[in-house]
Structure formats: structure tokens, C-alpha cells
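I hope they are handy to keep beside you while you look around the structure.

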Amino acid sequence: MKIGILISGRGSNMLAIVKAVQSGFISGSEVAAVISDKASAEGLIKAKERGIKTLAIAKNKRPREEHDAEIICELKKRNVELVCLAGYMRLLSPEFIRAFPNRILNIHPSLLPSFKGLDAQQQAIDYGVKVSGCTVHFVDEDLDHGAIIAQKTVEVLDKDTAGSLAARILEYEHALYTHAIKKIVEGEIEIRGRRVIAKQPNDG
Ligand code: GRF
């Protein structure tokens, strides 16, 4: 399966996915492109070093639909079937979601549906929760809202700042994301309404 990854910055989740594909942990797949909306994204350099095709596609002053259309075109051109958002800081247009039905994933640094949107770790600290974590989910038209594929809990310590919590959650994000992608690529899960469950043996 050809995978496309969208980033805006550091790209540590992107790199974890690339490594999982290149090592064969995620079998029968290839990262066909890494696309960033920011030309300065550090992740672009990391992807290039791994021999991955990279593209910087800035939105500039265009409407979101036009920006998305260019990205969809680049993905389709490379026969991408699975799109992984990895620190991509834009909400996708309905057209983008429709172009890849149930084939767009995201990772978010909280236990959704708590603490959607920006600064999820700071939100967790401010609220005073004792447990947070990360979530891999399908992407739909609403922010951090699509069906949940996998979650991992991480304890919030008394001494935590948003930064220390973010760093500890990130340690789990890479494994959570790559394991979830492996299950999808290998056809091990199915979607029943909002529930994403292991494929039942008699479902064929
Ligand atoms: C991660 O915390 C991810 O959960 C969130 O954005 C951050 C991206 O980090 N969506 P990186 O670019 O993958 O290092």
C-alpha cells in the first residue's frame, strides 16, 4: 500500500512511520511522498535523508480547497491509498476527506475526546487530569473527532510542565501510530459506526 504523510514541522512521527515501513515492520507498503505545508519543516530534511520524495506545498493566500486540491493531486498521482497526518497543522477540507474515505489517519497527544485542538498537553495540565496520553484516529471533517483506532495512557506527574508531558507522551506516540498503521495496511481492523474493532474471523 502506498502511504502519503503530511507534516508541518519536526516530523518525528513521520520518521517513525518511514522507519517502520523501510524495516518491513509495516509490510507490503511504501512511503510514496512526504508533503509539508511549510518549506522550512525540519521533517522534510529527515525524509529526504531516508530517500523519500518530499514536496513543500504552501497554502499562501489561496482558499483551503485549492491548497487541498493540489495536495490531493500529488497524492493521487503517486497512487497513495493511505494518508497519515503527522503534526500537520491544518484542518482538511470536506473534499480532501471524500478523496480518501476512511483512509486518513491522525495522531493527537491526548486521550480523545478530551483536549482537542492546539496545546493538548497544556490543556491536560490546566484541567488537572492525572492521566493523559495519545490517540490514533480516522480523520473526518471535524477537528480531532473521527473514529478512534488506538489509545495509550500516560500518567500526568505533579512536577509535569506541558513540555515534559509532551516529551513523555511523544515516546509512546511513535509505537502507537506505527502499530495502528500496520493493522490497517494488513487489513486487521474494521469500522462499525464509530467503533474500530479487530476484524472478526468469519467476516472474510
Ligand atoms: C505530535 O505531538 C502529534 O501528536 C501532534 O503533533 C506533534 C507532531 O510531532 N499531532 P512530530 O512532528 O511528529 O514530531
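1. Let's begin with Ser36, which lies in strand β2. Please keep in mind as you read that this is a predicted model. Is Ser36 buried or exposed? Its relative accessibility is 1%, and buried means under 20%, so Ser36 counts as buried. Setting aside neighbours within four places in sequence, Ser36 is in contact with Ile7, Ser8, Ala41, Leu44, Leu55, Ala56 and Ile57.

2. Next, have a look at helix α1, residues 12-22. Nine of its 11 residues are buried, so the rest of the structure largely encloses this helix. The buried ones are Ser12, Asn13, Met14, Leu15, Ala16, Ile17, Val18, Ala20 and Val21. What do they pack against? Their partners are the strands β1 (2-7), β2 (30-36), β4 (82-85) and β5 (104-108), along with the helices α2 (42-49) and α6 (162-185). Just after α1 comes Gly24, with a positive phi of about 90 degrees.

3. Now to the ligand. Which residues surround it? They are Arg10, Gly11, Ser12, Asn13, Gly87, Ile107, His108, Pro109 and Glu173.

4. An N or O atom in the side chain of Arg10 is 2.6 Å from a ligand oxygen. At Gly11, a polar backbone atom is 2.8 Å from an oxygen atom of the ligand. For Asn13, too, a polar backbone atom is involved, with a ligand oxygen 2.9 Å away. On its own the ligand has 370 Å² of accessible area, and the protein covers 85% of that.

5. On aromatic rings, the count comes to two aromatic pairs. Why is the pair of Phe96 and Phe100 called tilted? The ring centres are 5.9 Å apart and the planes stand at 40 degrees; planes under 30 degrees would count as stacked and over 60 as edge-to-face, so this pair is tilted. Both Phe96 and Phe100 are buried.

6. Lysines also meet rings in this model. Lys76 lies over the face of Phe100, at 4.2 Å from the ring centre, and Phe100 is also a member of the tilted pair in point 5. Elsewhere, the charged end of Lys182 sits over the ring of Phe25, 4.6 Å from its centre.

7. With a relative accessibility of 0%, Ser93 counts as buried. What does its side chain pair with? A polar contact of 2.6 Å joins it to the side chain of Asp68. Not counting residues up to four places away in sequence, Ser93 touches Arg64, Glu65 and Asp68.

8. Asn102, in the loop between α4 (94-99) and β5, has phi near 50 degrees. Its relative accessible area is 48%, which makes Asn102 partly exposed. Asp144, in the loop between β6 (131-138) and β7 (148-155), also has phi near 50 degrees. Asp144 has a relative accessibility of 10% and counts as buried.

9. Last, the loop between β5 and α5 (120-127), where Pro113 is found. The peptide bond from Leu112 to Pro113 is cis, with omega near 15 degrees. Ser114 lies in this loop too. Is Ser114 buried or partly exposed? Its relative accessible area is 35%, so Ser114 is partly exposed. The C-alpha atoms of Ser114 and Ala124 are separated by 8.3 Å, and these residues are 10 apart along the chain.

Definitions and conventions: Residues numbered from 1 in each chain as written. Predicted model: local features only at pLDDT ≥ 70, side-chain atom pairs only at ≥ 80, totals over all residues. Heavy atoms only, no water. Phe/Tyr/Trp six-rings, centres within 6.5 Å; stacked < 30°, edge-to-face > 60°. Buried < 20%, exposed > 50% of the residue type's maximum accessible area, 1.4 Å probe, protein only. Lys NZ or Arg CZ within 6 Å of the ring centre and 35° of its normal. Helix = DSSP H or I, 4+ residues; strand = E, 2+ residues; numbered from the N terminus. Contact = heavy atoms within 4.5 Å. Near = heavy atom within 4 Å. Polar contact = N/O pair within 3.5 Å; in protein donor to acceptor, adjacent residues only side chain to side chain. Areas by Shrake-Rupley, 256 points an atom, 1.4 Å probe, with all protein chains shown as cover.
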